[in-house]
Amino acid sequence: MKQAQKQDKIWERVAQYRQLDKEGIIQSLANHLEFSLCKNRYTYKDYDIYDSLALSIRDRLLEYWNDTQQTYHQKNAKRVYYLSLEFLMGRSLRNNLINLGIYDICKEALAEVGYDLEELEEMEVDAGLGNGGLGRLAACFLDSMASLQLPAYGYGIRYEYGIFKQQILDGEQCESPDNWLTDGCPWEIPQLDYVFPVKFYGHVEQHQNTDGTIRYKWVGGEEVLAVAYDTPVPGYKNHTVNNLRLWSSRSSNEFDFQLFNAGDYLQAVEEKQKSQAISKVLYPNDQGFSGKELRLKQQYFFVSASLQDILRRYLTDHENFDQLPDKVAIQLNDTHPSIAIPELMRILMDDYDITWEKSWEITRKVFAYTNHTVLPEALERWSVDLIGNLLPRHLQIIFEINQQFLDYVSRKHPNDADLLSRVSIIEEGDHKQVRMPYLAIVGSHAVNGVAALHTELLKVTVFQDFYKLFPKRFQNKTNGITPRRWLRNANPELAELITEKIGEEWVTQLDQLKKLIPFAKDAKFQASWRQVKMNRKKQLAKWVQDHNKIDINLDSLFDVQVKRIHEYKRQLLNVLYIIWMYNQIRNGSQEKFVPRTFMLGGKAAPGYHMAKLIIHLINDVAHVVNNDPDIGGIIKVVFLENFGVSLGEKVYPAAELSEQISTAGMEASGTGNMKFALNGALTIGTLDGANIEIKEEVGDENIFIFGMDAEEVMQKKSEGYKSRDHYDNNPELRDVLDMINDGYFNKGNPYLYQDIYNNLVYGDYFMLLADFDSYVECQRRVNEVYLDQKKWTQMSILNTANMGKFSSDRTIREYAKDIWDIEPVKVTPSRSKKR
């Protein structure tokens, strides 16, 4: 039998095995249960059913995954590579079933064998490979790239331990390891064929080629191996399955038998353990030299492996690097991967003997850089000594990049020495630093912010000089969220209600939601809309009862603030208002307050003292308020422990008021604001980040805006802001702050919150007290509108209807057109089979 005939026979059987009908799923599940998990009717557990189901769905994804990769290869398509140190993917089962278009079929199949699909979904562990918004944005972007049929790959690190598990004990945040791989991950595929060496330390040797040119070689040092693990990322009902490749570190020398034979077992395994530590945990607080070194190691580790893999793929179809910018686009998601710029230069020059000039031309055309912050203290810097020790060749290259850049600036501005100092990639001083954002800007052909205000602030503040030097290099790409996960998957009842009215095109064309506008005042549609919201509130209330043992009034306003705990995000302003409202009710105020359930959630970095203190205060306030019989249950306060993607899928659909109250000019974009509004929550917020663009889309009358704008914040700071004046002149605010300071909320430790009090009264860098009165007045407007449920519901519908701009599909289309210059590639299944 000929080879082609053999292949046809094999693939016929594969086609039968991987049918997407009910019987095919049941058969596949049973096969995996017995033959992949080695279980029988006496030994299997419910989790084994989840595992077998996930493997069965993965089989079907891999079929399309192979078709997708083969199509890209055959068409020699230009591809985009998204480098991110974080990917907060969340759970995959439901998302994959919906994107494959087989959710209902799978639900029926499981029911036939006695299982509930939703119960199995709850067994899946979140892949928590990110700290918050940055990683979740990356995950949304991967979904959109696949749904838009763009040839795209994600690259990151396969952390053995993800973002820590948060527990609240006696009101305090306690961290425990998030070993998300304890039971394995059925979605990932180890790719042991793709293993790349990554070098650290060593030294640089200089030599001369026969033509007289000077070349350099990085020698000595230590070497670890990067092992690839792939996760399929399906598009929505389009046969495209892209790839997320995560790298795991392994020792290049598995075991030192000489040491072992000499009796030193511990030292024999030391190198192996040090190597594996690189991908062990999501990067730590960079406090202390060892923490900084590990973080830089992680950055270089995944960048080096990814570039080796990208160039390997490119060279399968090309003999030289002349076409690299025409076939490869690399997006740096924030500053963390910017060491990729000198790494590509090193590979081209040292490994392929390409000149500096040609290598630099290629590098700049390949890379683009997304910035995610305007806070100067958050702009990444690395010690010259640290880089020189860990990556000596890269430091040489960075110095040369800087010198050539400064020569360029000198020619353009010959009499401006201060400018040279301001834009130098190397920050001079007692301890020289490498300014990594500057390296990313100089080494990229495009630089973008992530919201209109953010981009403008970059141009006039932290990157002002670079914008003057390279005005055409700066762009805005307002962030977005995937409507598949954050509406279609997270809120199926609302998705169904919308589809009944306007069809299902909105799932991939979110601007279709504008068709809901004519129904905003329709009484019958409003009633259905409110019923969906009530159902989601019930679901969340049950979760709160199960986890927090707090009974929630379902008729109360669900007022929610969930995000990473940070002073600039101003969870503390929310707490000040809660205490103010508590005092008003306690003191017999004549104001008519609607009952409210305040929900706050988010993780504080383990070493961030003030953020952890704020969490403690929230929980102490909750304990006092929730147990005070004198306020008649009008207020309840809940801290949502261990907030992550899966809990967010319960919270966003249930929320009615979305707190987006950061200090104006400090939030780059935010995407939680979009998730809330897409699910019909109204926003109370400052003119910060994407709030401004949400306001433009939904209209001034459908959002609650308060406080200073970014310009007013800067002006007030320049004038010499004195927060003590607000304390002295506002008795109600003074009462709130004194209660915090005097131990009212923690009588056992009355001085616990003095740092918070002193921070606010004698500094208030994030200007909570300056915005307090405006915030209270805005909350009065919220209260007034909520009393009119018809008006509230109308505003809720209009918020959802006007969220079209905030689809990550729109964002990715803009990247593809303006930065990456790539086109969609249609994937056709290679085999015809029963679906």
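## D620 in helix α24

D620 sits in helix α24, which spans residues 609-626; helices here are DSSP runs of H or I with at least four residues, strands are runs of E with at least two, and both are numbered from the N terminus. The model is predicted: local features need pLDDT of at least 70 and side-chain atom pairs count only at pLDDT 80 or more, while totals for chains, interfaces and linings use all residues. Residues are numbered from 1 along each chain as its sequence is written, and side-chain values use heavy atoms, with hydrogens and water left out.

D620 is buried but has no salt bridge, and K747, the nearest side chain of opposite charge, is 10 Å away. Buried means under 20% relative accessible area, against over 50% for exposed and in between for partly exposed, with a 1.4 Å probe and protein chains only. A salt bridge puts a side-chain nitrogen of Lys or Arg within 4 Å of a carboxyl oxygen of Asp or Glu. Lys and Arg count as positive, Asp and Glu as negative, and His and the chain ends are not counted.

The side chain of D620 does make a polar contact of 2.5 Å with the side chain of Y753. Such a contact is a pair of N or O atoms within 3.5 Å; within protein, one must be able to donate a hydrogen and the other to accept it, and residues adjacent in sequence count only if both atoms are side-chain atoms. Leaving out residues up to four places away in sequence, D620 touches F745, N746, L752 and Y753, where contact means heavy atoms within 4.5 Å.

## E693 in helix α27

E693 belongs to helix α27, residues 691-698. E693 counts as buried because its relative accessibility is 3%. Its side chain makes a polar contact of 2.6 Å with the side chain of T478.

Beyond the neighbours within four places in sequence, E693 is in contact with A451, A452, T478, K805 and F806. A451 is 242 residues from E693 in sequence, yet their C-alpha atoms are 8.0 Å apart.

## The largest cavity

The structure has five cavities of 30 Å³ or more. A cavity is a set of points on a 1 Å grid over the protein atoms alone where a 1.4 Å probe fits but cannot get out; lining residues have an atom within 4 Å of a point. The largest cavity holds about 370 Å³, a volume being the space filled by probe spheres set on points joined across faces, edges and corners. Its lining has 30 residues, and M89, G90, S92, A127 and T231 are the closest to its centre. Strand β10 gives the largest share of this lining, four residues.

Technical notes: On a 1 Å grid over the protein atoms alone, a cavity is a set of points where a 1.4 Å probe fits but cannot get out, and a pocket is an open set with protein on both sides within 12 Å along at least five of seven lines; lining residues have an atom within 4 Å of a point.
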